[in-house]
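Here is a short briefing on one protein model. It covers the fold, the aromatic pairs and the surface.

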Amino acid sequence: MPLSKNLYTVIGLSAILMWSTLVGLIRLISERIDPVTSVTLLYSLSTLILLILFKIPKLNKIPKQYLLLATLLFVSYELCFSFSITLANNSQQAIEVGVLNHLWPSLTILLMVVFKEIKFHALLILGLSSAFFGIIYIQTNGLNISYHQVMRNLIDNPLPYILALAAAFIWAFYCLLLKKMSNGENIIAFLFLMTSITLWIKSLFFSGFNFPPLDLTTWSYLIVAALFLGLGYAAWNIGMVYGNMNVLISSSYFIPVISAFFSALLFGISLKTSFWLGTFLVVFGSILCWISTSIHSFSLLKSQKRTGRRTLKLK
């Protein structure tokens, strides 16, 4: 018996809670083993879990264009997101990189406007500006930093920020592709398999992979993170395909707050007021973007109701 749209949406919402733990967990693992090894083992375990639960779909029934694009975007996103966290210099920077990656909801809405999925509204500019300023506010510790210090920080370790921003754009494209071209096919196990294969190729042939001795605590972190990673993406794909896309994207705006709170508890970090204010601006800006799309949807619904009433009167 097929599930209702609301239940599929709830399944998608569960991904948000699982994803909110990943920044902290991945960073915790990377502090025990090197970044390449931690990411490779994490995705390999997630792949095993997803293959057991979902198996690989019959690829001959999936449109080749969707399969190629989805694989390219998904693998690229996973590599950018994971390495943006593991390559951070410290735990505080890992949290900031996580917030930067969470610009993807606003970028998803922007792409929907570009590809004429929704109509443009002035609130969209205000929302995107608020989110972007929030990121700047966080990175500059409440704008309490000079231009030279900003440049030094950027030169010192720019790669995590570049990767996180790239990941945000890539995931926005992936979400749009998933809704438009998937035709209800869930290929998440295949996508994770491709990501794992890519990571193993990189590890074995380019990074000189050496399997490190892992204690019980490290294995525990890896298994929990792998569960949340794999099941989170599986839940998100199901929710995006069968559930309410607008509800899922609007709810995902709160991932930075939950993620930052969890990471701060995990690492024992006291987050400064500037960080929370910047995070609020990111969330606020993303919500404005959602409102700008809801205004058009509400107007369209009212117009349809009026048309319906007129038709009834004529009859």
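The model is predicted. The protein has 14 helices and zero strands. Of its 315 residues, 49% are buried.

**Overall make-up**
- From the N terminus on, the elements run α-α-α-α-α-α-α-α-α-α-α-α-α-α.
- Among contacts with a separation of 6 or more, 89% are between residues 24 or more positions apart.

**Aromatic pairs**
- The count of aromatic pairs comes to 18.
- One of them joins Phe74 and Trp171 in a tilted arrangement, at 6.2 Å centre to centre and 55° between the planes.
- This pair links distant parts of the chain. Phe74 sits in helix H4 (residues 64-86) and Trp171 in helix H9 (residues 159-181), 97 residues apart.
- Phe74 and Trp171 are both buried.
- Phe280 and Phe284 form a stacked pair, with 5.8 Å centre to centre and 15° between the planes.
- Both Phe280 and Phe284 belong to helix H14 (residues 273-314). They are four residues apart, about one turn of the helix.
- An α-helix has 3.6 residues a turn, so residues three or four places apart point the same way.
- Phe280 has a relative accessible area of 47%, so it counts as partly exposed. Phe284 is also partly exposed, at 37%.

**Ring cluster**
- Ring pairs join Trp19, Tyr43, Phe74, Tyr77, Phe81, Trp104, Trp171, Tyr174, Phe192, Tyr233 and Trp236 into a cluster.
- Phe74 and Trp171, the tilted pair, are thus among the cluster members.

**A covered helix**
- Helix H2 (residues 22-30) is mostly covered. Nine of its nine residues are buried.
- The buried residues of H2 include Arg27 and Ser30. Leu22, Val23, Leu25, Ile26, Leu28 and Ile29 are also among them.

**Nonpolar surface patch**
- Leu17, Phe254, Val257, Ile258, Phe261, Leu265 and Trp276 make a nonpolar surface patch of about 660 Å².
- Helix H13 (residues 255-267) gives the most to this patch, with four residues.
- Phe261 is a patch member and lies in helix H13.

Note on methods
Residues are numbered from 1 along each chain as its sequence is written. This is a predicted model: local features need pLDDT of at least 70, side-chain atom pairs count only at pLDDT 80 or more; totals for chains, interfaces and linings use all residues. Side-chain values use heavy atoms; hydrogens and water are left out. Rings of Phe, Tyr and Trp (its six-membered ring) pair if their centres lie within 6.5 Å; planes under 30 degrees apart count as stacked, over 60 as edge-to-face and the rest as tilted. Helices (H or I, at least four residues) and strands (E, at least two) are DSSP runs, numbered from the N terminus. Buried means under 20% relative accessible area, exposed over 50%, partly exposed in between (1.4 Å probe, protein chains only). Patches are made of residues with over 30% relative accessible area and no salt bridge: like charges are joined within 9 Å, nonpolar side chains (Val, Leu, Ile, Met, Phe, Trp, Tyr) within 5 Å. Accessible areas come from the Shrake-Rupley method with a 1.4 Å probe; for residues, only the protein chains shown count as cover. A salt bridge is a side-chain nitrogen of Lys or Arg within 4 Å of a carboxyl oxygen of Asp or Glu. Contact means heavy atoms within 4.5 Å.
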